[in-house]
Structures are given as structure tokens and as C-alpha cells.
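Subject: Model handover

Hello,

Please find the structure below. My notes on it follow.

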Amino acid sequence: MSAKMPVLPNTLTLGDGLREALRHGACCCLLAAMAAASMASKAVAGEVEAMALLKGMTTYVAAQRELSFRYDSDLEVVTSDKQRLTLASSGSVSLARPGKIRATRSSGFVDIESIFDGSTFTLLGKDQNVYMQIPIAGSIEVLVDELKDKYQRPLPAADLLLPKAYAALTNEVIDVKDLGSGVIGGVECDHLAFRKQDVDYQIWIAQGDRPYPCRYVITAKEVLGSPQYSVQISDWKTGAGAVGQDFTFLPPEGARSITLKELKAMKDMGELPSNFVREDNQ
Amino acid sequence: MTIMKKHATALILALGLVGTALTPSWSSAVINALVTPAQARVGRPLTPVSVAGVGRRTVRRCAVGIYDC
């Protein structure tokens with residue numbers, strides 16, 4: 001995206017009063033005022049453009065009834081002795097609005113699949129060959145909220161997929177920047193940065209007629225060491241081209257059904273591997 | 001970690017398992033089982049994976065968007 005520069009007139013016609021002011025050394029003040037006005041105009045233009053790009057992305061994504069993509073995510077954690085470490089994982093997401101989604105996540109310590117068919121949410125631990133099911137009725141939006149608020153298992157990048165994405169992303173935003181563009185996976189994407197009180201986030205949006213999110217980075221600036229969570233999206237497919245559009249859960253042979261309580265007690269089924277020990281030090 | 005993996009590999013070699021029915025993936029699994037990864041002690045809260053609902057001081061209070069907070 002090309003950053004729009006404010007248009008300034010090539011020539012200025014000075015009146016008698018202005019000539020007099022200049023003679024009295026007001027030149028610097030005038031130029032400073034003009035520069036400030038120019039910068040303010042540029043900043044406002046950048047904000048408006050950034051919000052429009054974000055609106056365009058969220059509207060486009062929400063309008064896709066079927067979509068699928070692959071992702072790579074990095075979750076940074078900060079150790080008690082201030083070492084920043086990154087947990088890397090990859091996976092795929094396939095969804096069919098309003099109420100079906102299937103997501104996988106693989107890392108060095110966990111290989112899980114989540115399936116939601118509009119009435120039941122299933123979490124399958126492939127390595128342990130166990131699965132947990134909870135009834136959740138409604139849309140993907142209901143699922144995302146319930147997992148986040150009730151079960152404290154927020155779905156990564158869900159911010160970008162919901163119909164209310166624009167409102168969620170812009171609520172309580174205190175600063176907006178349009179930073180031009182960057183290239184991600186060979187695709188040129190518009191680069192935007194937003195600030196909230198507790199977090200900053202950046203988003204790269206693909207240029208062209210498919211403005212999908214290329215990368216999304218959240219910085220927890222209120223957490224010691226300002227760790228980041230990032231997710232990079234690839235293989236974006238929509239409509240009939242979306243893959244993995246089967247949302248029926250069939251337990252693998254020998255899979256054991258477990259309760260939510262059992263799931264919580266299992267090692268290596270959460271966000272952190274078991275050799276990462278949580279402390280209440282902040 | 002690397003030294004421990006070398007030890008594990010040496011152990012496998014010593015046991016004469018290489019070249020038998022031990023497949024590359026199985027040998028990797030055996031090495032992983034023998035090697036204890038380093039432990040990291042991490043603080044709370046974890047990094048939020050969502051900004052939805054994040055407002056002033058919500059991250060520190062584990063209010064939103066944070067896994068198993």
C-alpha cells in the first residue's frame with residue numbers, strides 16, 4: 001500500500017500582514033505551525049486508512065461462509081530469570097459458518113484436534129488417544145466466547161474470524177498506525193499497528209481482492225519482558241476450495257473418553273509442555 | 001541436551017539396536033524418552049492469544065484471552 005502524503009500547495013501567496021510578521025522573525029513559528037498541521041493531517045489520514053483496511057479485512061473474512069487455512073504460531077513465555085522462550089506450533093483451521101469448525105495444533109509435546117459441530121465441542125489428544133466432549137450449542141462465536149470465558153482455553157487467532165472481529169479489535173484502541181507494507185510468505189501485505197492499554201498488536205493484511213490476515217502479533221506490554229504471541233497464516237482457501245470441511249467426530253480406534261477434570265490433570269495437553277513450570281511471580 | 005542425545009545415541013549403538021528393526025522414527029522416540037528436557041519456570045500471566053475484551057489491567061488480572069490463567 002502506498003502511504004498517502006498530504007498535498008501541499010506549490011506556491012504561497014503572502015499578504016501584507018504576513019510579510020510584516022515574517023520581517024519580525026515569525027518565520028520559524030509559521031513554518032513550525034505548517035509542519036505540525038502537515039504531520040497531523042498525515043497522521044489522521046494514516047489512522048483513517050488503517051481503520052478502513054482493518055474493516056475491509058474483517059468484513060471480507062466474516063463474509064466467507066466456508067474457509068480453511070494453515071498456521072504457524074509462536075507463544076513467547078518469560079522465565080523467572082527473565083529469559084524469553086518461544087513455543088512453536090503449527091496447525092490448520094477449517095470452518096463453515098455459522099456453527100462448524102475443526103482445528104488442529106501440533107507442537108513437540110502435543111498433537112490435538114478440536115472439532116465443533118454446532119452442538120458438541122470435542123478435544124482429541126492424538127498422542128494420548130483420549131477425547132473430551134462438552135455440550136456447547138450455537139455458533140462459532142458462542143463457542144469462542146465460552147471456551148475463552150468459561151474454560152480459559154481461548155482459540156488462537158479467533159479474534160480475526162468472528163463477525164464481531166472489527167469491534168473486538170478496535171474496542172479501547174488508543175493508537176493506530178499504518179506502517180506501509182511487508183511481504184509474508186511471498187504475499188505483499190499491509191502492515192497496521194494498534195495499541196490498547198494492556199496490549200499492542202500488529203496485523204498484516206493481504207493486498208488485493210482477498211484481504212485475509214497474513215500475520216497477527218500480540219505484545220503483552222504489561223507482562224514482564226513484553227512477550228508476544230504471533231500467528232502466521234498460509235494456504236488461505238475459501239468457498240468450494242476450502243479443505244477439511246468434515247465436522248463429524250469419529251473416535252479413533254481404542255480412544256478413551258475423559259472428563260474435563262481428567263483433561264486438566266493430564267500433562268502435555270495444555271498450552272505449555274510439562275517441563276515448563278508455572279509460577280505466581282508477577 | 002545435545003550431549004545427552006549423544007549419550008543416548010551411544011547407548012543405542014552400544015545395545016546394537018542400529019540396523020535392526022529400529023526405524024529412524026523409533027530411534028528418535030527412544031532418544032526423546034531417554035533425554036529429559038530442560039526445565040523452565042515461567043511466570044503468570046501467559047501472553048494473551050486474543051485481544052478481544054482486553055482493556056486496562058485485564059491482562060494482569062487474567063481476565064481475558066489468556067490460556068488457563
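The notes cover conventions, confidence, the sheet and a helix of chain A, and then chain B.

This is a predicted model, in which local features need pLDDT of at least 70, side-chain atom pairs count only at pLDDT 80 or more, and totals for chains, interfaces and linings use all residues. Residues are numbered from 1 along each chain as its sequence is written, while chains are lettered from A and ligands numbered from 1 in the order in which they are written.

Confidence. The predictor assigns the complex an ipTM of 0.75 and a pTM of 0.77. For chain B, the mean pLDDT (the predictor's confidence in each residue, from 0 to 100) is 61, and 25% of the residues score at least 70.

The sheet of chain A. Twelve strands make an open sheet with mixed pairing, in the order E7-E8-E9-E10-E11-E1-E2-E3-E4-E5-E6-E12. Strands here are DSSP runs of E of at least two residues, and helices are runs of H or I of at least four, numbered from the N terminus; two strands pair if DSSP finds at least two bridges between them. At the edges are strand E7 (175–184) and strand E12 (256–258) of chain A, each of which pairs on one side only. From one strand to the next the twist averages 20°, with axes being lines fitted to C-alpha atoms (for helices over the stretch in contact) and angles running from 0 to 180 degrees between N-to-C directions.

Pairings in that sheet, going along the chain:

- Strand E1 (residues 66–78) of chain A runs antiparallel to E2(A), with 13 bridges joining them. A:Ser68 has A:Ser94 in E2(A) as its bridge partner. Their hairpin has five residues between the strands, and A:Lys82 takes a positive phi near 65° there.
- E2(A) and E3(A) are also antiparallel, joined by seven bridges. The hairpin connecting them passes through three residues, and A:Ser92 is opposite A:Thr104 in E3(A).
- E5(A) is joined to strand E6 (residues 130–135) of chain A by six bridges, antiparallel. A:Gly125 has A:Val130 in E6(A) as its bridge partner.
- E7(A) pairs with strand E8 (residues 187–195) of chain A over eight bridges in the antiparallel sense. Two residues lie between them in a hairpin, where A:Gly185 in the turn has a positive phi of about 60°.
- E8(A) pairs with strand E9 (residues 200–206) of chain A over seven antiparallel bridges. Four residues separate the two in their hairpin, and A:Arg195 stands opposite A:Asp200.

In helix H3 (residues 140–149) of chain A, the buried residues (20 or more other C-beta atoms within 10 Å of their own, with C-beta atoms placed from the backbone) are A:Ile140, A:Leu143, A:Val144, A:Leu147 and A:Lys148. They fall within an arc of 120° seen down the axis of H3(A), so they line one face of the helix; the arc is that of the directions from the helix axis to the C-beta atoms. These residues pack against strands E2 (84–96), E3 (100–106), E4 (111–116) and E5 (120–125) of chain A.

Chain B. Its secondary structure is two helices and one strand, in the order α-α-β from the N terminus. Of its 69 residues, 23% count as buried. Among the elements of chain B, helix H1 (residues 2–14) has the lowest mean pLDDT (55) and strand E1 (residues 40–42) the highest (87). Over residues 19–23 of chain B pLDDT stays under 50, and the model has two contacts (C-beta atoms, placed from the backbone, within 7 Å) beyond four places in sequence for them.

Regards

How values were computed
Buried ≥ 20, exposed ≤ 12 C-beta atoms within 10 Å, placed from the backbone.
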